[in-house]
Amino acid sequence: MNLLLDEVRRATARLAEAEVESPRADAELIAAHVHGVRRGELHTVPDEAFDAGFWRAVDRRAAREPLQHITGVAHFRHLELSIGPGVFAPRPETEVMTGWAIDRLRASDAAEPVVADLGTGSGAIALSIALEVPSARVHAVEADPLALSYAERNVAAYRGREPGPGGRVRLACADFGTALGDLDGTVDLVISNPPYIPLGAAVPPEVGEYDPPSALWSGTDGLDAIRAVQRTAWRLLRPGGQAAVEHGAPQGGVVRAVFASGEGWLDITQHQDLAGRDRFVTATRHCP
Ligand SMILES: C[S@@+](CC[C@H](N)C(=O)[O-])C[C@H]1O[C@@H](n2cnc3c(N)ncnc32)[C@H](O)[C@@H]1O
């Protein structure tokens, strides 16, 4: 066994002891990041190239700093996004909802479907849709200027690339309750992964100490932002347009109820994440 693989084995034990959820994967990804190779290429790093910075990074992860903050990047569908303090690290659960939206947009008759991403954070959802549905025009709203600066960086990084999704994302620094008034009644699809954790709920250190509070907490029942998203989606969507909103696993029933008590949503549907947990609700604005 080469030195790096041996160190990865020791680091895995260290991270497991620190109760990190996926210790082996994280140790391998840190080793790959520090040595500038892919995860599957760790065995190619010669012993003399071992970088002691590996253990400094492992120490940070053992202190429960999120992996994405240590590497500075998050992988989301086909994207590599810049991530750091002040912005929410996108999660795999959200990839499923984004995939649902991409499928709907690809199946739509609209030549240039208009999309609104409410609370865009790093721009993960908006950029994925722009990359995977090149005909879409995506409006991404974010209220937190620091989070928005990451979205700006990520959109700029993809602006020059072919097929150039960055050029089709428009960012707005605004509260999504009142944003995008010029688009009222014209949007084909509204998507949001808003904050949805009830105030005071227990969360792991990676979340509570590193994700920005504005990305997490949402009133005593966790539903304040979801109610605002429901109202904004109703305002923005054209008749027949669709909304998708992510929520916490136990919140499926109450989120469906938020839409059911709205003005006239059709096809209110519960969807699960890859682990089979309730994760997002979709609904269609009725056609008068
Ligand atoms: C859970 S994070 C999701 C970020 C990104 N969409 C993702 O899935 O990775 C929620 C985001 O919504 C933003 N946000 C919260 N309330 C907002 C509001 N009223 N208006 C606009 N953005 C808001 C937060 O700052 C945060 O960036």
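Colleague: What's the strand order in the open sheet?
Modeller: In this predicted model, seven strands make up an open sheet ordered 5-4-3-6-7-9-8. The pairing is mixed.

Colleague: Which strands stand at the edges?
Modeller: Strand 5 (169-173) and strand 8. Each has a single partner strand, so one side of each is left without a neighbour in the sheet.

Colleague: And how many degrees are neighbouring strands turned against each other, on average?
Modeller: The average is 15 degrees, with direction ignored.

Colleague: OK, on to strand 9. Is it enclosed or open?
Modeller: Strand 9 covers residues 278-285, and seven of its eight residues are buried, so the strand is largely enclosed by the rest of the structure.

Colleague: Which way does strand 9 run against strand 8, parallel or antiparallel?
Modeller: Antiparallel, with six bridges joining strand 9 to strand 8 (residues 265-272). Within strand 9, Asp-278 stands opposite Gln-272.

Colleague: What's in the hairpin of those two strands?
Modeller: Five residues lie between strand 8 and strand 9 there, and Gly-276 has a positive phi near 85 degrees.

Colleague: How many bridges does strand 9 make with strand 7?
Modeller: Five, and that pairing with strand 7 (residues 237-246) is antiparallel. One to look up is Ala-243, whose bridge partner in strand 9 is Ala-283.

Colleague: Then strand 6 and strand 7: in which sense do they pair?
Modeller: Parallel, over five bridges, with strand 6 spanning residues 187-192. Leu-189 has Gln-242 of strand 7 as its bridge partner.

Colleague: Switching to helices. Which strands does helix 5 lie across?
Modeller: Helix 5 (residues 92-107) lies across strand 3 (114-118), strand 6, strand 7, strand 8 and strand 9. Relative to strand 7, helix 5 runs at about 160 degrees.

Colleague: What about helix 6, which strands does that one touch?
Modeller: Helix 6 (residues 124-132) packs on the sheet and touches strand 3, strand 4 (137-142), strand 5 and strand 6. The directions of helix 6 and strand 4 make about 175 degrees.

Colleague: At what angle do helix 5 and helix 6 pack?
Modeller: About 35 degrees, and their axes are 10 Å apart. The crossing of helix 5 and helix 6 is right-handed.

Colleague: Which residues make that contact?
Modeller: From helix 5 you have Thr-94, Met-97, Thr-98, Ala-101, Ile-102, Leu-105 and Arg-106. Helix 6 brings Ile-125, Ser-128, Ile-129 and Glu-132.

Colleague: How many of the contact residues are nonpolar?
Modeller: Six are nonpolar, with three polar and two charged residues besides, for the contact of helix 5 with helix 6.

Technical notes: Residues are numbered from 1 along each chain as its sequence is written. This is a predicted model: local features need pLDDT of at least 70, side-chain atom pairs count only at pLDDT 80 or more; totals for chains, interfaces and linings use all residues. Side-chain values use heavy atoms; hydrogens and water are left out. Buried means under 20% relative accessible area, exposed over 50%, partly exposed in between (1.4 Å probe, protein chains only). Helices (H or I, at least four residues) and strands (E, at least two) are DSSP runs, numbered from the N terminus. Two strands pair if DSSP finds at least two bridges between them. Axes are lines fitted to C-alpha atoms, for helices over the stretch in contact, and angles run from 0 to 180 degrees between N-to-C directions. Contact means heavy atoms within 4.5 Å. A crossing is left-handed if the near helix is turned anticlockwise from the far one by less than a right angle, and right-handed if clockwise. Ala, Val, Leu, Ile, Met, Phe, Trp, Tyr, Cys and Pro count as nonpolar, Asp, Glu, Lys and Arg as charged, and the others, Gly among them, as polar.
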